[in-house]
Protein chains: 2
Amino acid sequence: MRTIDAFCHFFPPDFFRLMSETAGGTRDVGKRMQGVRTIFDLDARFRVMDQFEDYTEILSLGLPPVEAMVGPDRTPEFAAVANDGLAELVSEHPDRFAGWVGALPMNAPDAAAREAERILINGTANGLQLHTNVNGACLDEPRFLPIFEIAAKSGKPILLHPARGPDMPDFAAEKRSRYEIWTIFGWPYETSATMARLVFSGVMTRFPELKVLTHHLGAMIPFFDARIDTGWATLGSRTSDEDYSAVSA
Amino acid sequence: MRTIDAFCHFFPPDFFRLMSETAGGTRDVGKRMQGVRTIFDLDARFRVMDQFEDYTEILSLGLPPVEAMVGPDRTPEFAAVANDGLAELVSEHPDRFAGWVGALPMNAPDAAAREAERILINGTANGLQLHTNVNGACLDEPRFLPIFEIAAKSGKPILLHPARGPDMPDFAAEKRSRYEIWTIFGWPYETSATMARLVFSGVMTRFPELKVLTHHLGAMIPFFDARIDTGWATLGSRTSDEDYSAVSA
């Protein structure tokens, strides 16, 4: 049986050098990545892959997103270096890597749309990797619409990666999440919240052909399907966040 | 078959009058409650119950928690009125109500511990209803320890009710949760976060006999059991929220 591992993170060498010079790429989750040899060392990665027969990977960057590393003046360069590096790895090692999904400079939405067009429409990318927040912002903000438009037009999927960090508290009286709750529960939570936002904000209606693949078996969605059905049926899908108290539930 | 519905909210008349005079009891989720007749009108409740054979309920207050209605100077009175009202309903209608779980003035922890002792040890309460946050604070704060101690000593369970509101944003760049995400996904999330906090903060170790019943089939816990196992096994259960970046995951 041939196995294609569809969500495998790797930092191409040129990109790993760039990210390692930034604060965002070396602290918090970036610091964790620096400690995972197989995510930036190709020989180490091959040694792990050798343990599995007929096994190939689709490559994507690991965390953090490029916009957590540098400002909008530099993310277009970072994303291009990453994407060219991923494309090169796939082209040079077709027996190892079955494809790649690209990164975008999301804090520079116009440049992100151009990069999406370059890699999805005119390039070899098999999809995009977007994260569940852009430096704290939700993906349903209008500035991101051109990106979804290109993704929909390309017919290629968006792979949605959770991105919540420990600086997002679980309780209003606190400043940080504790005991890794931000990732163990917070990642599936934020994935689910983002999916709901893409639906209720109208992004999915606007681009019905848009394909979004989520981590973690769809996160909370399949497990809370009855709660979703009865909850939103009872409460309605208000587009404003102000008028919720008008409901008699 | 006899059915005992274990998590049924009702506001006893004297308490409903008190809560209806407060801002917290009449806005947000309090406003929703004001629109649900069967939660404060005993005859309306009986008419619904009449549709089911051999059916009884264990009563508890609905949202919001008393500490979201009034300050610590008045919550002890509010909780006592509620608890005496619940006890009276059960005592007067044993064919309808199989028991009750009490409310505590959590913003006045010393008074809350005394009320817990009054209703659990010296009274007829079958348990306590606590909420997953106390005006934004997590239940693992040391000021709440005496309450857990009395609950553990009583042998009676704590029924843990979600309490997150729309003012808890899902994304760092926002001020409020949108489209009801705060309850549809946020309630199971906050229940899961609270359970994890009670474990990792040491509350469950300190009181091994403590019984906690959670809403929603255990919220995210049973559905994400493999993520919990491998996640916390890999990342460890740090007691500090500062040193998480030392991990190489």
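Two residues are taken to be in contact if their C-beta atoms, placed from the backbone, lie within 7 Å. With that criterion, 100% of the interface residues of chain B are also interface residues in chain A, so the copies meet through the same surface. The structure is a predicted model, in which local features need pLDDT of at least 70 and side-chain atom pairs count only at pLDDT 80 or more, while totals for chains, interfaces and linings use all residues. Residues are numbered from 1 along each chain as its sequence is written, and chains are lettered from A and ligands numbered from 1 in the order in which they are written.

Two copies of a chain are related by a rotation about an axis and a shift along it.

The contact between the chains takes 48 residues from chain B and 49 residues from chain A. On the side of chain B that touches chain A, the elements giving two or more residues are α2 (28-34), α7 (181-184), α8 (186-200) and α10 (225-235) of chain B. Helices (H or I, at least four residues) and strands (E, at least two) are DSSP runs, numbered from the N terminus. The largest share of this side, 7 residues, is supplied by α8(B). By class, the side of chain B that touches chain A has 26 nonpolar, 9 polar and 13 charged residues; Ala, Val, Leu, Ile, Met, Phe, Trp, Tyr, Cys and Pro count as nonpolar, Asp, Glu, Lys and Arg as charged, and the others, Gly among them, as polar.

Helix packing within the chains comes next. Two packed helices are described by the angle between their axes and the distance between the axes. In chain B, the axes of helix α4 (residues 75-92) and helix α5 (residues 109-121) come within 10 Å and cross at roughly 15°; axes are lines fitted to C-alpha atoms, for helices over the stretch in contact, and angles run from 0 to 180 degrees between N-to-C directions. That makes α4(B) roughly parallel to α5(B), where angles under 35 degrees count as roughly parallel, over 145 as roughly antiparallel, 65 to 115 as roughly perpendicular and the rest as oblique. The contact is made by P76(B), A79(B), A80(B) and N83(B) of α4(B) together with A111(B), E115(B) and I119(B) of α5(B). These residues divide into 5 nonpolar, 1 polar and 1 charged.

In chain A, the axes of α4(A) and helix α5 (residues 109-121) likewise come within 10 Å and cross at roughly 15°. Here P76(A), A79(A), A80(A) and N83(A) in α4(A) meet A111(A), E115(A) and I119(A) in α5(A).

Helix α5(B) also packs against helix α6 (residues 145-154) of chain B, at an angle of about 10° and with the axes 8 Å apart. The two helices, α5(B) and α6(B), are therefore roughly parallel to each other. From α5(B), P109(B), A112(B), A113(B), A116(B), E117(B), L120(B) and I121(B) meet P146(B), I147(B), I150(B), A151(B) and S154(B) in α6(B). This contact holds 10 nonpolar, 1 polar and 1 charged residues.

F144(A) sits in the loop between β4 (127-131) and α6 (145-154) of chain A. F144(A) is buried, with 20 other C-beta atoms within 10 Å; a residue is buried if 20 or more other C-beta atoms lie within 10 Å of its own, exposed if 12 or fewer, and partly exposed in between. Leaving aside neighbours within four places in sequence, F144(A) is in contact with P109(A) and L139(A). F144(A) and P109(A) are 35 residues apart in sequence, yet 6.1 Å apart in space, C-alpha to C-alpha.

The peptide bond from L63(A) to P64(A) is cis, with omega near -5°, and P64(A) lies in the loop between β2 (55-60) and α4 (75-92) of chain A. A cis peptide bond also joins L63(B) and P64(B), with omega about -5°. Y179(B), a residue other than glycine, has a positive phi near 55° and lies in the loop between β5 (158-161) and α7 of chain B. With 24 C-beta neighbours inside 10 Å, Y179(B) counts as buried. H216(B) has a positive phi of about 55° although it is not a glycine, and with 15 C-beta neighbours inside 10 Å, H216(B) counts as partly exposed.
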